Amino acid sequence: MSTPFASAAPYYARYRPPYPQEFHTLLADRFALDGSQTVLDLGAGPGTLGLPLAPLADHVYAVDPEPAMLAEGARLAEERGVANISWLRGDDACITRLCLPRIDLCVIGRAFRRMDREPLLADLDEVLAPRGGVAVVESLRRPGDPLPAWLTVVAEVRARFLDPGRPGQSDLDDWDDLVDLLAKSPLSRVETHQWEQPVRHTVDEVIGLQLSFASSGPDRLGDRMAAFETELRRALLDHDPRGTYARTLRIGAAVATRPRR
């Protein structure tokens with residue numbers, strides 16, 4: 001069955017900002033990635049996490065329930081000459097049935113919030129190597145943080161076409177709950193990190209980013225998609241004719257491993 005992410009997949013692959021280099025450096029140092037490890041990218045989408053890690057791993061298993069996301073990832077891998085990724089259809093409930101080798105590192109982005117997390121962490125305890133671990137990463141915001149003015153413009157246009165809301169970020173209170181959940185799992189040794197990531201978007205990138213969300217992708221907009229693009233472009237350029245829109249993302253990462261014995 002197709003999901004809203006199916007039509008959003010090409011936009012997701014092209015317009016979602018990459019995670020900061022500091023995150024990949026952290027993983028390389030923390031898990032001594034030297035090209036011999038096996039990495040699981042769970043809820044992989046088009047490989048936003050897995051593709052940058054592939055040069056540091058022996059093999060990456062990218063697992064996602066949406067075939068369109070996997071197809072986009074495979075296309076990007078071929079385009080970049082990355083040959084050590086397997087693109088597997090599946091979700092968090094099937095990890096122990098995928099017959100994977102021992103996993104040294106599992107990476108999960110925002111999809112972690114849509115997963116059945118407690119059973120998943122128990123299953124990961126089964127498939128992870130003795131010194132393996134899981135790294136969860138996503139964008140965060142403080143409740144009440146002011147939006148850049150151009151994001152208010154985007155929100156106003158979205159509200160005219162879609163349900164109100166600001167996709168793509170989680171409250172820090174929610175993040176604390178997630179970290180607490182990890183600390184109560186078999187992978188109870190948790191360290192957290194945060195970075196600020198400056199991002200600049202063109203008009204086309206702002207529009208493409210909105211189309212990358214399931215809540216505002218082509219399937220959700222339907223025959224209103226062209227009107228949405230036109231109105232959003234006009235509103236953004238009315239706000240700032242220079243056509244460049246800056247913001248700073250707060251990126252949170254939690255790395256969980258088994259307690260030392």
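## Cysteines and disulfides

Counting a disulfide as a pair of cysteine sulfur atoms within 2.5 Å, the total here comes to zero. Cys94 is in no disulfide, and the nearest cysteine sulfur, that of Cys99, is 10 Å away. Cys99 likewise is in no disulfide, with the sulfur of Cys94 as the nearest at 10 Å. For context, a disulfide is a covalent bond between the sulfur atoms of two cysteines.

The surroundings of these two residues can be described by relative accessible area, where buried means under 20%, exposed means over 50%, and partly exposed lies in between (1.4 Å probe, protein chains only). Cys94 counts as buried at 10%, whereas Cys99 is exposed at 74%.

## About the model

This is a predicted model in which local features need pLDDT of at least 70 and side-chain atom pairs count only at pLDDT 80 or more, while totals for chains, interfaces and linings use all residues. Residues are numbered from 1 along each chain as its sequence is written, and side-chain values use heavy atoms, with hydrogens and water left out.

Helices (H or I, at least four residues) and strands (E, at least two) are DSSP runs, numbered from the N terminus. Strand β4 covers residues 103-108, and five of its six residues are buried, so β4 is largely enclosed by the rest of the structure.

Two strands pair if DSSP finds at least two bridges between them. Strand β1 (residues 38-42) pairs with β4 in the parallel sense over four bridges, and Leu42 has Ile108 of β4 as its bridge partner. β4 also pairs with strand β5 (residues 128-141), again in the parallel sense, over five bridges; here Leu105 has Gly133 of β5 as its bridge partner. Together with helix α5 (residues 117-127), β4 and β5 make a right-handed β-α-β unit. Right-handed means that, with the strands pointing away from the viewer, the path from the first strand over the helix to the second runs clockwise.

Arg113 is found in the loop between β4 and α5, and counts as partly exposed at 25% relative accessibility. Arg113 and Glu138 are 25 residues apart in sequence, and their C-alpha atoms are 10.0 Å apart in space.

A charge sits over a ring if NZ of Lys or CZ of Arg is within 6 Å of the ring centre and within 35 degrees of the ring normal. The charged end of Arg117 sits in this way over the ring of Phe112, 5.9 Å from its centre.

## Helix α2 and His24

Helix α2 spans residues 21-30 and includes His24. The buried residues of α2 are Phe23, His24, Leu26, Leu27 and Ala28. Their cover includes α3 (50-53), β4, β5, β7 (189-202) and β8. His24 itself is buried, with a relative accessible area of 7%. With contact meaning heavy atoms within 4.5 Å, His24 touches Tyr19, Leu49, Pro52 and Leu53, not counting residues up to four places away in sequence.

Just after α2, Ala32 takes a positive phi of about 50°.

## Aromatic pairs

Rings of Phe, Tyr and Trp (its six-membered ring) pair if their centres lie within 6.5 Å; planes under 30 degrees apart count as stacked, over 60 as edge-to-face and the rest as tilted. The structure holds five aromatic pairs. One of them is the tilted pair of Trp150 and Tyr245, 5.8 Å centre to centre with 50° between the planes. Trp150 lies in helix α6 (residues 149-161) and Tyr245 in strand β8 (residues 244-257), so the pair ties together parts that are 95 residues apart in sequence. Trp150 is buried at 5% relative accessibility, and Tyr245 is buried at 1%.

Phe161 and Phe228 form an edge-to-face pair, 5.5 Å centre to centre with 80° between the planes. This pair links distant parts of the chain, with Phe161 in helix α6 and Phe228 in helix α10 (residues 225-239), 67 residues apart. Phe161 counts as buried at 13% relative accessibility, and Phe228 is buried at 0%. Elsewhere, Tyr19, Phe23 and Trp195 form one aromatic cluster.
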